[in-house]
Amino acid sequence: MRGTVRRGLQIAWAALRLGVDFLRLRRRTPEQLPARVGATLAGLGTTFVKLGQGLSLRWDLLPAPYREALARLHSNVPPFPGDQAIGTVERAFGQPIERLFAHFDGIPLAAASVAQIHTARLHDGRDVVVKITRPGIQAQVEADLRLLRRTLRIGQWLWPPLKRQRPLELADELAGFLRNEIDMRHEAQNMRRMASVIDPLAPVTLPHVIDPFVAHEVLVQERSRGAHLESAYGTPGAPALASALLDAYVHQLFGAGVFHADPHPGNLFVLQDGCLCLHDFGSIGVLDPASRLALGGMVEAIAADDAEGVLDAAIALGFFPPQVERRSHVREIHLILAEMASRPLAQWSIAEAIWRVARIGQGEAFRLPPHLLVLMRTLFLVENTLRALDPDLDLLGSLTSRAAEIAQVIDASRPAGRPLTLRLARTARQLPQLVADLLRQAQLSDGRPAFSVHHHGLHSTQEALARTGNRLALALVTLGLYVSGALLTLHAQGPTLLGHLPWLAVIAFVAAGVLSLRLVIAISRSGHL
Ligand SMILES: Nc1ncnc2c1ncn2[C@@H]1O[C@H](COP(=O)(O)OP(=O)(O)O)[C@@H](O)[C@H]1O
Ligand SMILES: [Mg+2]
């Protein structure tokens with residue numbers, strides 16, 4: 001409890017100092033602010049460093065200097081002792097380490113803020129790596145996230161304009177990613193999913209999860225034999241690796257709709273046989289078939305310098321609402337495409353082009369949905385890694401030469417889509433004629449559209465209304481006949497029946513009776529009383 005209060009005060013104090021710095025530096029030296037934000041988060045430890053790293057990808061929220069300062073964030077935490085690593089593994093699997101492994105190296109191979117990696121050998125002789133989260137990290141992250149929410153609530157109350165930035169919503173979104181990243185079961189699930197997606201014939205692979213050695217804090221996987229991707233930079237084999245990486249992403253993004261979302265060079269290995277190996281599946285992205293199709297359309301339209309097509313794809317992807325003011329947007333997209341076309345091919349960027357299109361016409365409150373953020377981040381990372389491998393890469397040319405393949409993988413990934421595609425194709429063929437007919441109709445009048453409207457079902461409604469009116473009129477006449485019959489009976493005049501019942505009243509009653517019967521039959525036939 002005392003620890004929570006102390007931590008709460010630490011977070012609140014850091015937030016307050018940042019707020020004061022913001023007010024102080026905003027006018028005089030705003031360029032110092034990004035570094036201040038970075039230093040504050042680094043001072044608060046792993047949870048905040050991770051949240052800061054998440055924020056560094058928010059092109060939709062933060063200007064470049066902030067994103068760069070946050071991207072540089074890393075916590076300088078020392079590796080935790082091997083004994084603790086062994087303790088965590090034994091608790092997770094309920095067995096002593098020697099029963100689990102023939103050998104376990106207590107010195108970590110790699111250590112980061114969330115987890116560290118130890119090498120080990122299974123009893124069957126297979127070499128593995130064991131990824132173990134830092135002791136107590138799950139509890140620490142949960143406690144920090146709770147305190148962060150509280151601090152943000154107080155912050156909103158003290159300074160209401162903060163609400164416009166929807167900080168709680170943002171914190172929850174980042175927290176969701178962070179929770180997934182520190183749960184090794186989630187990473188194992190992502191690895192299994194990706195293993196079913198990666199083409200076994202392609203020169204790109206990933207380690208297998210070693211079942212059943214998966215727990216919240218521990219993940220055991222095959223050990224890759226090779227070297228970090230950086231070791232291949234500048235070598236004669238680098239362009240071929242770039243090509244393999246590009247092929248792998250064409251397949252993941254357009255064909256499978258599931259992709260490794262953190263392809264920075266530190267997560268890539270070159271294996272001894274020259275294959276590329278993907279590591280670190282803390283975050284994967286998913287694209288539904290419609291988005292894949294739209295993304296394919298976007299690439300095709302950008303390559304063809306077709307601004308209208310780019311806008312259609314951007315709408316289909318969810319960057320714009322469907323009802324947009326097309327003409328001005330198309331003009332802006334033209335400008336972006338023209339600027340891109342004027343660059344040397346080695347600087348041309350599809351990620352930047354898509355991002356700039358996505359930003360058109362978006363107001364202050366614009367937030368990209370999480371799956372598109374993951375997509376954008378992945379596109380930027382892939383491009384950077386491709387460029388690091390092959391600085392002269394002609395990305396536009398490479399994509400254009402793969403256009404047929406992109407179309408093919410998109411098509412092959414739509415088993416249930418075929419009937420719809422055929423229907424769409426048929427409609428699409430009729431569409432120009434239909435539009436021409438409608439435009440001709442519009443011109444017949446005084447320039448205003450003169451379309452006649454047919455509403456299916458209106459005819460039967462009209463009939464029903466007419467029938468109801470007739471029945472009401474009949475009911476009123478019948479009522480009138482009953483009333484006149486009664487009045488004639490009271491004031492008997494003229495010839496009578498049975499001594500006192502006037503004939504006129506009898507006729508009125510009979511007529512009323514017949515009409516009543518008619519009404520009852522009509523109503524009972526219609527089934528509605
Ligand atoms: N299966 C593996 N075989 C060999 N080395 C690995 C394997 N998985 C990860 N590594 C190494 O450990 C480092 C950290 O692993 P990673 O999963 O990326 O952890 P983090 O989430 O901390 O970035 C990687 O950069 C890679 O060098
Ligand atoms: Mg990593």
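In this tour, Ala, Val, Leu, Ile, Met, Phe, Trp, Tyr, Cys and Pro count as nonpolar, Asp, Glu, Lys and Arg as charged, and the others, Gly among them, as polar. The model is predicted, and local features need pLDDT of at least 70, side-chain atom pairs count only at pLDDT 80 or more, while totals for chains, interfaces and linings use all residues. Residues are numbered from 1 along each chain as its sequence is written, and chains are lettered from A and ligands numbered from 1 in the order in which they are written.

**The whole protein**

Begin with the cartoon view, in which 20 helices and 14 strands may be found; helices (H or I, at least four residues) and strands (E, at least two) are DSSP runs, numbered from the N terminus. Of the 529 residues, 27% are buried, a residue being buried if 20 or more other C-beta atoms lie within 10 Å of its own, exposed if 12 or fewer, and partly exposed in between, with C-beta atoms placed from the backbone.

**Ligand 1**

Select ligand 1 next. It is surrounded by 19 residues, of which the closest are Ala110, Ala112, Pro207, Ser224 and Asp280; a residue is near a molecule if its C-beta atom, placed from the backbone, lies within 6 Å of it. Strands β3 (115-121), β4 (127-133) and β7 (218-222) are the elements that give two or more residues to this shell. By class, the shell holds eight nonpolar, seven polar and four charged residues.

**Helix α5**

Now select residues 82-93, which form helix α5. Which residues of α5 are buried? They are Ala85, Thr88, Val89 and Ala92. Seen down the axis of α5, these buried residues fall within an arc of 95° and so line one face of the helix; the arc is that of the directions from the helix axis to the C-beta atoms. An α-helix has 3.6 residues a turn, so residues three or four places apart point the same way. The buried residues of α5 pack against α6 (97-100), β3, β4 and β7, where contact requires C-beta atoms, placed from the backbone, to lie within 7 Å. Turn to the face away from the buried side to find the exposed residues Asp83 and Arg91. After α5 comes glycine 94, whose phi is positive, near 65°.

**Arginine 326**

Finally, select arginine 326 in helix α13 (residues 326-341). Arginine 326 is partly exposed, as 14 other C-beta atoms lie within 10 Å.

Key:
The expected span of a helix is 1.5 Å times one less than its number of residues. Two residues are in contact if their C-beta atoms, placed from the backbone, lie within 7 Å.
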